[in-house]
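Reader: I would like to go through this model term by term. Please tell me what stands behind each label.

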Amino acid sequence: MTEGLSRRFTVQGTNNAFLCQHCGVEVLPLTNGSVRNHCPACLYSLHVDVLPGDRASTCYGSLVPVGAEQSGKKGWIIVHQCAKCGFTGRNRAALDDTQQPDDWDALIALTMRER
């Protein structure tokens, strides 16, 4: 990997609507300029990125929400683990989206699992 690309975030063309493969909810694109990468209802995702937003992964495994943590700079972070390859990643929660915010109760339930 070339230097400088390891933290590249690709937004253009990746903030698209999709159907959640876990619960079937129609997921709308984010309205805040970021990229929607998980279902706001069940918080599941798909392992489609190598780098955030690039959609370059060939795994396509189910990213199971396994925890949540509070980050001072980023707000709430959802911790996902891929059911297919074991990859663990962190994605910022979209609690402030005006059209389809993440489910607060689902996020809090993730924090209760960790205890």
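Author: What follows takes the labels one at a time, from strands to surface.
Author: This is a predicted model, where local features need pLDDT of at least 70 and side-chain atom pairs count only at pLDDT 80 or more, while totals for chains, interfaces and linings use all residues. Residues are numbered from 1 along each chain as its sequence is written, and side-chain values use heavy atoms, with hydrogens and water left out.

Reader: Why are β4 and β5 called paired?
Author: Two strands pair if DSSP finds at least two bridges between them. β4 and β5 (residues 75-82) have 8 bridges, so they pair; they run antiparallel. Pro-65 stands opposite His-80 in β5. A hairpin of 3 residues links β4 to β5.

Reader: How do you know that β5 and β6 pair?
Author: There are 5 bridges against the required two, so the label holds, in the antiparallel sense. Gln-81 has Thr-88 in β6 as its bridge partner. Between β5 and β6 lie 5 residues of a hairpin, and Gly-86 in the turn has a positive phi of about 90°.

Reader: What makes a space a pocket and not a cavity?
Author: Both are sets of points on a 1 Å grid over the protein atoms alone. In a cavity, a 1.4 Å probe fits but cannot get out; a pocket is an open set with protein on both sides within 12 Å along at least five of seven lines. The largest pocket holds about 1,100 Å³, a volume being the space filled by probe spheres set on points joined across faces, edges and corners.

Reader: Which residues count as lining, and which lie nearest the centre of the largest pocket?
Author: Lining residues have an atom within 4 Å of a point. The largest pocket has 42 of them, with Asn-37, Asp-49, Pro-52, Gly-53 and Asn-91 nearest its centre. β6 gives the most, 5 residues.

Technical notes. Helices (H or I, at least four residues) and strands (E, at least two) are DSSP runs, numbered from the N terminus.
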